[in-house]
Amino acid sequence: QSTIAAMDAFMADFAALATPTSLMPAAPIEDPSLIIDGEAVSGVAAYARLTRFAAFTGQPAISLPCGFSGDRLPIGLQLIGARWGERSLLGVASAYERATEWHRTRPPFECA
């Protein structure tokens, strides 16, 4: 069974799959370099690790703000829907935004 067929079967029981958008919070704009397990890694590869899956399986996905790290950097929630289920996925995303205030919250900025 292909990965696409397996995900189609899996998603038949769910409106959406919730995952982190990224394995780590955003890097500060002043220093976007990433060190993982002591090695420098490409930011694009590291940040896209969890978002590529939906693209490979043809599923719609959306990232929504869901909080801040201890360093006050944004954290994202990825919602993945069934293939061709954009309307349903947007409904789930809209319900999440109505139930939370994260989409209206900005990280505190320090002025020098």
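**Figure 1. Accessible surface and overall make-up of the protein chain.** The accessible surface of the protein chain is about 7,600 Å², and carbon and sulfur atoms hold 61% of that area. Accessible areas were computed by the Shrake-Rupley method with a 1.4 Å probe, and for residues only the protein chains shown count as cover. The model is predicted: local features need pLDDT of at least 70, side-chain atom pairs count only at pLDDT 80 or more, and totals for chains, interfaces and linings use all residues. Residues are numbered from 1 along each chain as its sequence is written, and side-chain values use heavy atoms, with hydrogens and water left out. Of the 112 residues in the protein chain, 24% are buried. Here buried stands for under 20% relative accessible area, exposed for over 50%, and partly exposed for values in between (1.4 Å probe, protein chains only). The protein chain has 4 helices and 5 strands, arranged along the sequence as α-β-β-β-α-α-β-β-α. Helices (H or I, at least four residues) and strands (E, at least two) are DSSP runs, numbered from the N terminus. Among contacts in the protein chain with a separation of 6 or more, 57% link residues 24 or more positions apart. A contact is a pair with heavy atoms within 4.5 Å.

Figure 2. Two strands count as paired if DSSP finds at least two bridges between them. The antiparallel strands β1 and β5 are joined by 4 bridges. A18 has L79 of β5 opposite to it.

Figure 3. P65 has G76 in β5 as its bridge partner, while L64 is partnered by L77 in β5. F68 stands opposite P74, also a residue of β5. Between the two strands of the hairpin are 5 residues, and R72 in the turn has a positive phi of about 65 degrees. In a regular strand, side chains alternate between the two faces of the sheet.

**Figure 4. Helix α4 and the largest nonpolar core.** The largest nonpolar core consists of 5 residues, namely L64, L77, L79, L89 and A93. Both β5 and α4 supply at least two residues of this core. A nonpolar core is a set of buried Ala, Val, Leu, Ile, Met, Phe, Trp, Tyr and Cys residues joined through side-chain atoms within 4.5 Å. Apart from neighbours within four places in sequence, L89 touches A16, P60, A61, I62, L79, I80 and G81.

**Figure 5. The salt bridge between D8 and R83.** The closest N and O atoms of D8 and R83 are 2.6 Å apart. D8 belongs to helix α1 (residues 3–11) and R83 to the loop between β5 (74–80) and α4 (86–99), so the pair ties together parts that are 75 residues apart in sequence. A salt bridge requires a side-chain nitrogen of Lys or Arg within 4 Å of a carboxyl oxygen of Asp or Glu. D8 is partly exposed, with 29% relative accessibility, and R83 is partly exposed at 32%.

**Figure 6. The salt bridge between E101 and R104.** By the same rule, the count comes to 2 salt bridges. In the pair of E101 and R104, the closest N and O atoms are 3.3 Å apart. E101 is partly exposed, with a relative accessible area of 46%, whereas R104 is exposed at 58%. Side chains of opposite charge can pair when their charged atoms come close.

**Figure 7. R49 and T21.** R49 sits in the loop between α2 (43–48) and α3 (52–57). The relative accessibility of R49 is 44%, so R49 counts as partly exposed. R49 and T21 are 28 residues apart in sequence, and their C-alpha atoms are 8.7 Å apart in space.
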